[in-house]
Amino acid sequence: MTQYAMYGGSFDPIHTGHLSVVERAITLGYHILVVPAYRHAFGKQSEAFEHRVRMCELALQDRHLQTQARVCTIEQTLARAEDMPIYTYDVLCALRSHLSHPPCLLVGPDIADEWTRWYQHEAIDREFGRLSMPMTLAIRSSMLRQQLHDGAGLNSLNAYLTPSVRAYMVAHGIYRA
């Protein structure tokens, strides 16, 4: 029986902290669905969805994780109206209808403080369950974006971004001032 875990987030950009969460869940036997946010439920503005999807794909390839983890663009499919957020509960319900077994929600440590703000958080716990994983690196995407905006070179972030993600960022000129 395949156990699925949905790992949603902005992934703006995806970094080695995110990948450490994926890798730890894989060691527990989960197949990971990495789900970039199409329209963030809390209204965060992110880099273009297509860029974030591609960087997630590249990061999984760089770490040779694509047999146990894949990027899923279901949020784009679920998008209905320009101003309506897409909620994790709705994504999990949609995935449940497509998979042989319902996925649990894979979360990193940053979710604990805001969990009770999430739409249908009690239903998520009851119907799907949560798999909480620690990050091995204390890093946030917002910190990386700020460093790049402030003029840091991509080479200074080698420990946090995979080679293909860095190359993609350069090729597309994203996260620059």
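Predicted model: local features only at pLDDT ≥ 70, side-chain atom pairs only at ≥ 80, totals over all residues.
## Overall form

The protein chain has 177 residues, and a compact globule of that length would have a radius of gyration near 16 Å. The value for the chain is 16 Å, which agrees. Along the principal axes, the C-alpha atoms fill a box of roughly 45 × 40 × 30 Å.

Of the 177 residues, 47% count as buried. Among contacts in the chain with a separation of 6 or more, 75% are between residues 24 or more positions apart.

## Helix α1

Helix α1 covers residues 16-27, which makes 12 residues. At 1.5 Å a residue the helix should span 16 Å, and its end C-alpha atoms are 16 Å apart, so the two values agree.

Nine of the 12 residues of α1 are buried, so the helix is largely enclosed by the rest of the structure. The buried residues are T16, G17, H18, L19, S20, V21, V22, A25 and I26. After α1 comes G29, which has a positive phi, near 100°.

## Surface and charge

The protein chain exposes about 9000 Å², and carbon and sulfur atoms supply 48% of that area. The chain carries 16 positive and 17 negative charges.

How values were computed:
Residues numbered from 1 in each chain as written. Heavy atoms only, no water. Helix = DSSP H or I, 4+ residues; strand = E, 2+ residues; numbered from the N terminus. Expected span 1.5 Å × (residues − 1). Buried < 20%, exposed > 50% of the residue type's maximum accessible area, 1.4 Å probe, protein only. Rg over C-alpha atoms; globule rule 2.2 N^0.38 Å. Contact = heavy atoms within 4.5 Å. Areas by Shrake-Rupley, 256 points an atom, 1.4 Å probe, with all protein chains shown as cover. Lys, Arg positive; Asp, Glu negative; His and termini not counted. Charge placed at Lys NZ, Arg CZ, Asp CG, Glu CD.
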